[in-house]
Amino acid sequence: QNQSLQNEVSDLKGALHEKLQEPPATEDTEMRQKLQEQVDVLLTEEVRKEEKIARFAKELEDQTGKMSELSRAKFQLEYEKSRMESEILPIKAERDRLQSEK
């Protein structure tokens, strides 16, 4: 769709360029103005689309960075949990042994 729009703009620019090469007549002047307005509208739309794409790309980059940081924090917490569970195993075993002796 973006390529199609660029092709249309390119075609309109070519048509406008050809018309500008011809000697002006009243109808040509009106046609030239209409063509220029169409080109301006298409270019404005294209600029808006490009800005929107850039904004979405930036948002995606930001969200990806946040997800990466959350993933790193999650793995760090999982590591800490496993380490603490390993450290507490001997204590639990001793507790269980003492309870069974009672």
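Helices (H or I, at least four residues) and strands (E, at least two) are DSSP runs, numbered from the N terminus. With that in hand, here's the overall picture: this chain has 2 helices and 0 strands. What you're looking at is a predicted model, where local features need pLDDT of at least 70, side-chain atom pairs count only at pLDDT 80 or more, and totals for chains, interfaces and linings use all residues. Residues are numbered from 1 along each chain as its sequence is written, and side-chain values use heavy atoms, with hydrogens and water left out.

- The chain exposes about 8,900 Å², an area that comes from the Shrake-Rupley method with a 1.4 Å probe; for residues, only the protein chains shown count as cover.

**The nonpolar core**

- A nonpolar core is a set of buried Ala, Val, Leu, Ile, Met, Phe, Trp, Tyr and Cys residues joined through side-chain atoms within 4.5 Å.
- The largest one here has 6 residues: Leu5, Val9, Leu12, Leu35, Val39 and Leu42.
- Helices α1 (2-21) and α2 are the elements that give two or more residues to this core.
- Zoom in on valine 9, which lies in helix α1 and counts as buried at 8% relative accessibility.
- Leaving aside residues up to four places away in sequence, valine 9 touches Leu42 and Leu43, where contact means heavy atoms within 4.5 Å.
- Valine 9 and aspartate 40 sit 31 residues apart in sequence, and their C-alpha atoms are 9.3 Å apart in space.

**Salt bridges**

- Side chains of opposite charge can pair when their charged atoms come close.
- A salt bridge is a side-chain nitrogen of Lys or Arg within 4 Å of a carboxyl oxygen of Asp or Glu, and the whole structure has 8 of them.
- One of them joins arginine 72 and glutamate 69, at 2.8 Å from N to O.
- Both of these residues lie in helix α2 (residues 26-101), 3 residues apart, or about one turn of the helix.
- Arginine 72 is partly exposed at 47% relative accessible area, and glutamate 69 is partly exposed too, at 43%.
- Arginine 83 bridges to glutamate 87, with the closest N and O atoms 2.8 Å apart.
- These two are 4 residues apart in helix α2, so about one helical turn separates arginine 83 from glutamate 87.
- Arginine 83 is partly exposed at 33%, and glutamate 87 is partly exposed at 48%.
- Arginine 97 pairs with glutamate 94, and here the closest N and O atoms are 2.3 Å apart.
- Arginine 97 and glutamate 94 are both in helix α2, 3 residues apart, about one turn of the helix.
- Arginine 97 is partly exposed, with 37% relative accessible area, and glutamate 94 is partly exposed at 35%.
- Salt bridges that share partners also link Glu80, Arg83 and Glu87 into one network.

**Rings and charges**

- A charge sits over a ring if NZ of Lys or CZ of Arg is within 6 Å of the ring centre and within 35 degrees of the ring normal.
- Arginine 55 does this over the face of phenylalanine 56, at 5.6 Å from the ring centre.
- Lysine 74 lies over the face of phenylalanine 75, at 5.9 Å from the ring centre.

Conventions:
Buried < 20%, exposed > 50% of the residue type's maximum accessible area, 1.4 Å probe, protein only.
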